[in-house]
Amino acid sequence: MTQDELKLAVAQAAIAYVVEGEIVGVGTGSTANFFIDELAKIKHKIKGAVASSEATASRLRAHGITVFDLNEVSAMPVYIDGADEITASGAMIKGGGAALTREKIVASVAKSFVCIADGSKFVNLLGKFPLPVEVIPMARESVIRALNAIGGEAKLRMKDGAALLTDNGNVIVDIHGLQIADPVALEKQINNIVGVVAVGLFAVQGANVCLLGTSEGVKTLQ
Ligand code: 5RP
């Protein structure tokens with residue numbers, strides 16, 4: 001099976017976690033896009049969605065799915081999103097698509113996080129994928145110095161010759177070369193650096209369920 005076929009398989013499996021009559025939190029990225037396209041097929045059964053990025057909001061709206069502002073929503077049963085890396089205990093690296101802050105915010109309001117990922121995302125140790133950190137632009141250099149002191153090599157993410165800007169108008173610093181033995185401790189440590197908006201480690205609140213696409217079928221880890 002191709003990677004896209006595996007992504008489609010987990011996106012289809014995730015529909016079983018969508019609660020009828022409720023609002024669903026929706027992540028960002030290519031796997032989340034497959035999920036949005038599947039969600040469109042049952043859109044009459046849900047109240048609507050909360051989006052974790054402008055791109056996701058546009059795709060949801062293009063399918064005719066109502067997009068709620070998170071400030072209008074006090075609770076939602078489930079948030080469904082992809083990951084760049086995930087461990088057996090549900091700790092993740094996210095933010096390859098630069099949407100980590102909104103993803104973390106929407107996930108924090110949901111009762112349960114269902115991660116949908118192709119098998120290549122499953123790891124024993126997080127850190128091979130560069131760890132994204134969203135940073136207030138004026139703190140870029142001070143945060144890079146603080147991150148380099150922790151270990152690895154912190155690099156500003158660029159796009160078309162300029163610093164990539166997030167939906168929130170901030171920059172992304174990716175930390176390369178980490179081996180993250182204690183993701184909860186590292187998440188808290190990076191969150192404490194002044195100027196950091198959010199770190200793409202989802203370990204304090206990780207995934208409750210992971211639907212992993214493999215050539216033998218979709219495996220459920222929980
Ligand atoms: C975006 C994310 C994505 O969930 C992550 O990058 C995985 O993306 P894809 O499904 O395209 O592999 O965190 O910020």
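Tutor: Start with the shell. In this predicted model, 17 residues surround the ligand, each with a heavy atom within 4 Å of it. The closest are S30, T31, D84, G95 and K121.

First, the ground rules. Residues are numbered from 1 along each chain as its sequence is written, and side-chain values use heavy atoms, with hydrogens and water left out. Because the model is predicted, local features need pLDDT of at least 70 and side-chain atom pairs count only at pLDDT 80 or more, while totals for chains, interfaces and linings use all residues.

Now the shell's make-up. Three of its residues are nonpolar, eight polar and six charged. Here nonpolar means Ala, Val, Leu, Ile, Met, Phe, Trp, Tyr, Cys and Pro; charged means Asp, Glu, Lys and Arg; the others, Gly among them, are polar.

Look next at the oxygen atoms of the ligand. An N or O atom in the side chain of T31 is 2.5 Å from a ligand oxygen. For K121, a polar side-chain atom lies 2.7 Å from an oxygen atom of the ligand. For K94, the distance from a polar side-chain atom to a ligand oxygen is 2.9 Å. Each is a polar contact, a pair of N or O atoms within 3.5 Å.

How much of the ligand does the protein bury? Alone, the ligand exposes 370 Å², and the protein buries 90% of that. Such areas come from the Shrake-Rupley method with a 1.4 Å probe.

Conventions:
A polar contact is a pair of N or O atoms within 3.5 Å; within protein, one must be able to donate a hydrogen and the other to accept it, and residues adjacent in sequence count only if both atoms are side-chain atoms.
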